[in-house]
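Here are my notes on how the chains of this model meet. Please read them with the structure open beside you.

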There are 4 protein chains.
Amino acid sequence: MIPVCDVQNSKGDSGFMLSRVGVRGVRKPVCILRDIDGNALNSMLFCNIDVFVDLPAIQKGSHLSRNLEAIKELIDDSASTPITGIENLATDLCKKLLEKHEYASTAEVNIQAEYFKNSVTPNGRTTMESYTLYGDAVGIRGQGIRKTIGVDVIGMTACPCAQQTVTEILGCSDEWPVMSHNQRNVCSVFMNMDESENVEANGLIDLIESSFSSPTFEVLKRDDEGAVVINAHSNPKFVEDVVRTVLKKVVERYDYLDDDVEIVIRSESEESIHKHNAFAERTATFGELRNE
Amino acid sequence: MIPVCDVQNSKGDSGFMLSRVGVRGVRKPVCILRDIDGNALNSMLFCNIDVFVDLPAIQKGSHLSRNLEAIKELIDDSASTPITGIENLATDLCKKLLEKHEYASTAEVNIQAEYFKNSVTPNGRTTMESYTLYGDAVGIRGQGIRKTIGVDVIGMTACPCAQQTVTEILGCSDEWPVMSHNQRNVCSVFMNMDESENVEANGLIDLIESSFSSPTFEVLKRDDEGAVVINAHSNPKFVEDVVRTVLKKVVERYDYLDDDVEIVIRSESEESIHKHNAFAERTATFGELRNE
Amino acid sequence: MIPVCDVQNSKGDSGFMLSRVGVRGVRKPVCILRDIDGNALNSMLFCNIDVFVDLPAIQKGSHLSRNLEAIKELIDDSASTPITGIENLATDLCKKLLEKHEYASTAEVNIQAEYFKNSVTPNGRTTMESYTLYGDAVGIRGQGIRKTIGVDVIGMTACPCAQQTVTEILGCSDEWPVMSHNQRNVCSVFMNMDESENVEANGLIDLIESSFSSPTFEVLKRDDEGAVVINAHSNPKFVEDVVRTVLKKVVERYDYLDDDVEIVIRSESEESIHKHNAFAERTATFGELRNE
Amino acid sequence: MIPVCDVQNSKGDSGFMLSRVGVRGVRKPVCILRDIDGNALNSMLFCNIDVFVDLPAIQKGSHLSRNLEAIKELIDDSASTPITGIENLATDLCKKLLEKHEYASTAEVNIQAEYFKNSVTPNGRTTMESYTLYGDAVGIRGQGIRKTIGVDVIGMTACPCAQQTVTEILGCSDEWPVMSHNQRNVCSVFMNMDESENVEANGLIDLIESSFSSPTFEVLKRDDEGAVVINAHSNPKFVEDVVRTVLKKVVERYDYLDDDVEIVIRSESEESIHKHNAFAERTATFGELRNE
């Protein structure tokens with residue numbers, strides 16, 4: 001006989017409701033089936049999953065094993081009901097959590113996964129690059145779901161200020177771009193929207209990658225390495241410039257998104273001349289950006 | 001002659017303001033001078049400092065070196081004007097940032113540091129334990145500063161549900177506490193308040209440490225190890241229980257704090273029976289908690 | 001025309017040879033095709049790859065892009081020449097590195113990847129668990145390759161000493177196992193062998209998983225949670241015991257391996273009663289173990 | 001009465017000795033008193049301490065609490081017997097471990113700590129920079145102690161190959177240094193020696209810092225930022241060059257060290273044009289280096 005421990009259902013000692021109770025760090029391989037320009041594309045993602053529901057004051061504990069069952073059921077069902085993105089998996093998980101935790105009024109899911117995508121060097125060679133995808137969702141019982149799609153992209157920034165300072169110190173001519181400090185930059189974009197709206201990760205990655213001083217590549221032979229360095233110095237950018245370039249492109253590209261879609265854009269440079277990082281961020285709704 | 005590169009002051013390309021521009025990961029040793037029950041106490045903290053200001057659309061770049069100068073000046077002045085806590089250092093940094101960045105209307109500072117404090121085992125031996133302190137501040141020009149004090153404390157939780165399930169499976173008597181799974185738990189508390197209010201870190205740490213199934217200790221001889229295990233199993237707690245115990249104690253102890261003080265309490269258990277973690281959180285104002 | 005920068009081939013300034021020059025942190029999805037008891041099994045692994053060769057004193061620089069080309073070629077060829085394990089990929093990479101870097105006399109490859117495998121709870125439910133695999137190889141030109149297969153497995157340890165101390169303090173009867181502290185334990189095993197020898201990762205994982213106080217599981221309903229706790233306390237183990245149990249099983253199971261196969265076994269417990277970890281390790285050859 | 005649990009002293013189940021048993025991740029503030037050119041210098045270091053002894057086959061468990069007592073006693077005694085460096089603390093800990101663990105024949109200690117030191121920018125401004133120090137020791141009963149002093153230093157490398165490739169592509173004149181990619185580089189040096197020998201950390205840090213394309217600084221006003229960029233591009237270095245420059249300087253500076261002193265030098269660049277890192281390493285004895 002299965003024991004019927006009911007400690008969780010007993011009355012809470014303290015009388016306080018809790019905002020979020022759940023599990024963090026569940027690891028799961030998930031097969032994603034996307035439609036990219038009419039072609040079916042399968043990708044395997046190794047997901048890190050956090051799930052939470054709220055807990056009323058009256059109940060002592062949340063049934064944590066139900067969270068793991070919810071995850072398992074959705075993934076088991078994916079043969080018949082394909083998962084079309086981790087933000088959509090997060091959305092479906094929110095719905096299932098509200099079904100399984102009848103005492104809960106809110107559910108939240110955060111998913112993170114590494115993602116690989118082909119890229120092309122300045123001289124036309126194909127490489128494979130690594131990115132981090134985020135798919136989140138928050139649901140309130142009876143009020144629908146808001147989901148978030150996010151991505152981290154690594155690129156390169158060359159500093160416009162040091163370039164001008166060096167030009168002044170040395171009296172360089174403007175025949176070709178002048179040296180500067182340059183470094184790895186991580187640009188992250190998160191877009192929070194109604195569950196009915198959609199943003200394709202590949203397009204968002206391309207948009208971000210074109211907003212650095214230069215994208216970066218896994219393999220660079222001499223001529224490509226030279227081209228990347230020249231491109232970056234012809235296109236120097238502060239962290240501020242990376243964020244503003246993404247802002248401009250996002251407003252243009254995602255003109256179909258609602259005014260209430262919220263966006264966070266971050267750019268962080270691992271400064272080559274300092275041991276600390278430079279950072280810029282903008283948080284706004286599309287409505288605000290369209291009026292700026 | 002010092003070059004007068006003015007790239008930062010040139011007009012922004014894109015017309016978008018930025019919410020936060022600054023530096024992350026600045027490392028600094030800071031000497032803190034506190035008054036603990038009438039006694040002056042010096043502690044050296046190795047701080048990780050992030051500072052940001054906003055940037056109007058009209059300006060291309062933020063003057064990042066001013067952030068480092070602001071940090072340096074406050075620490076250099078600490079011989080004459082002692083730093084009384086990292087949340088107060090964060091507050092003073094916000095003010096200095098608004099002075100130095102005349103174009104900014106908001107400033108934000110996040111500081112994190114390891115902290116050591118003596119503790120006493122159940123059988124009276126003295127040990128030294130390690131904690132993480134957080135001191136944050138956000139200022140809006142002309143509207144004052146809100147600061148946050150936070151702390152991570154590591155303790156131990158023993159599961160009440162497994163204890164009851166084992167009792168049922170084996171038919172254990174209630175002569176002494178029954179075995180359960182137990183594990184490391186990290187409980188974090190953050191309190192956001194007006195800059196004029198104060199919460200002493202030592203008191204907050206003690207409060208949290210008394211909210212686990214048991215605190216944990218650097219050195220435990222046999223009798224103390226046995227006492228910790230017995231105490232933990234006599235006092236089994238879910239992550240939910242840890243948060244609710246802290247909630248109850250915080251409301252009692254900090255009765256002098258304003259209703260608008262916001263608190264976040266998190267408890268995360270590195271479950272010994274799973275590879276993932278259990279998690280509970282409450283976010284609320286003191287006003288809300290007092291009416292619950 | 002492709003520029004013919006030959007900085008790398010110019011004479012070294014300092015006259016010192018270098019032991020290892022290469023790249024670290026290359027991320028690659030790799031499809032592994034294994035034969036498990038006569039069945040073909042495909043697994044996708046997301047690999048972190050480090051590759052190095054030595055550099056003679058006479059040469060200024062190593063041709064780093066050749067390392068990336070070597071990785072790419074082996075993975076591109078895997079349609080016709082399947083990759084049968086990351087330790088075998090490491091072995092083949094060593095050979096290719098020695099081909100591509102004609103000036104090198106040694107090559108080294110370290111690969112790490114997350115791996116998922118089904119497991120079964122005490123009461124027969126199927127779960128999916130996460131592990132870390134390691135595949136390394138070192139080659140000396142003209143002397144063959146030594147490869148290493150390794151794995152991290154997370155399990156649970158319950159302390160035998162605290163159990164006895166509690167028994168003495170409380171005067172517990174021996175009707176059922178007594179409470180103790182228990183915690184997450186990471187057990188890592190690395191086996192270094194000639195490239196012609198083989199160890200299947202699944203078997204090694206099972207062996208380690210059966211050497212804890214109890215394995216741990218993704219989903220545990222009440223009866224399974226109770227069974228895991230009872231099993232763990234019926235089978236209390238120090239970190240020392242975990243290593244010795246693995247040693248005993250490894251010698252029995254891998255009786256076909258040469259005496260010169262080297263093994264490292266580590267067990268690290270995230271102690272629930274302390275903020276620090278307990279650790280045990282044995283490094284030995286199979287020859288030494290067989291004579292102990 | 002203190003319980004006399006003797007589980008550790010009981011006979012081992014499996015008959016295998018263990019190479020290293022102990023604790024990892026003990027956190028301790030340690031006050032170091034050094035003599036720098038005749039001046040007493042106090043520094044507070046927050047140490048991460050790992051300690052191990054071996055365990056004979058005959059004994060079931062190592063007495064882990066003795067490790068914590070050994071650490072506590074040495075630090076408590078430091079008022080009368082000052083600690084003159086973390087490598088010397090590691091040495092003294094090894095001796096005390098062998099006293100306390102009468103069954104052990106080897107002891108090992110690894111200590112790591114953040115360290116701050118003043119530096120001076122090209123134009124003479126004072127800054128404070130952060131480093132990581134390592135102090136290790138291994139002792140064999142009756143055979144003395146070998147200790148290791150190590151340090152991580154962050155600097156900047158500019159690539160000589162990209163600089164030449166760009167020169168060729170653009171046909172740049174050689175009036176001033178040409179642009180290249182540059183990035184953060186971490187150079188680590190570890191020196192293993194008899195306990196009677198000494199290497200001052202400050203001198204080793206200065207030596208490494210002068211081996212990059214340029215050191216990096218916490219605060220850089222315009223003129224200093226320009227100078228750092230110009231210096232780095234006038235002094236382009238591969239990771240290989242950083243290691244060889246350190247090798248050359250180390251052999252010159254530490255001419256008083258024995259031929260059997262072992263050195264490991266690593267240089268790792270967080271490549272701005274790639275998502276992966278470039279890496280070079282040399283492992284050698286001073287005797288080998290002196291004959292190269």
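This is a predicted model: local features need pLDDT of at least 70, side-chain atom pairs count only at pLDDT 80 or more; totals for chains, interfaces and linings use all residues.

1. To find the place, look for G22(A), which stands opposite F279(B) in β9(B).

2. The pairing belongs to the interface of chain A and chain B, where 56 residues from chain A contact 56 residues from chain B. The area buried between chain A and chain B is about 4500 Å², and carbon and sulfur atoms give 57% of that area. Which three residues supply more than any other three of what chain A buries against chain B? They are F16(A), R244(A) and F279(A), with 18%.

3. Six salt bridges are found across the interface of chain A and chain B. For an example, see E281(A) and R20(B), whose side chains meet with N and O 2.9 Å apart. Polar contacts between chain A and chain B come to 28 residue pairs, counting pairs with both residues at pLDDT 80 or more.

4. Several elements of chain A supply at least two residues each to the side that touches chain B, among them β1 (18-36), β2 (39-55) and α6 (239-253). The largest share of this side, nine residues, comes from β1(A). By class, the side of chain A that touches chain B has 27 nonpolar, 15 polar and 14 charged residues.

5. Now turn to chain D and chain A. Here 46 residues of chain D are in contact with 46 residues of chain A. About 3700 Å² is buried between chain D and chain A, with 64% of the area from carbon and sulfur atoms. W176(D), R184(D) and K275(D) supply 22% of the area that chain D buries against chain A, which is more than any other three residues give.

6. How many salt bridges cross the interface of chain D and chain A? The rule finds two. K275(A) forms a salt bridge with E129(D), and their closest N and O atoms are 2.7 Å apart. There are also 24 residue pairs in polar contact between chain D and chain A, both residues being at pLDDT 80 or more.

7. On the side of chain D that touches chain A, the elements that each supply at least two residues include β4 (126-140), β6 (182-194) and α5 (222-234). The most comes from α5(D), with nine residues. This side of chain D divides into 20 nonpolar, 16 polar and 10 charged residues.

Conventions: Residues are numbered from 1 along each chain as its sequence is written. Chains are lettered from A and ligands numbered from 1 in the order in which they are written. Side-chain values use heavy atoms; hydrogens and water are left out. Contact means heavy atoms within 4.5 Å. Buried area is the accessible area (1.4 Å probe) that two parts lose on being put together, summed over both. A salt bridge is a side-chain nitrogen of Lys or Arg within 4 Å of a carboxyl oxygen of Asp or Glu. A polar contact is a pair of N or O atoms within 3.5 Å; within protein, one must be able to donate a hydrogen and the other to accept it, and residues adjacent in sequence count only if both atoms are side-chain atoms. Helices (H or I, at least four residues) and strands (E, at least two) are DSSP runs, numbered from the N terminus. Ala, Val, Leu, Ile, Met, Phe, Trp, Tyr, Cys and Pro count as nonpolar, Asp, Glu, Lys and Arg as charged, and the others, Gly among them, as polar. Two strands pair if DSSP finds at least two bridges between them.
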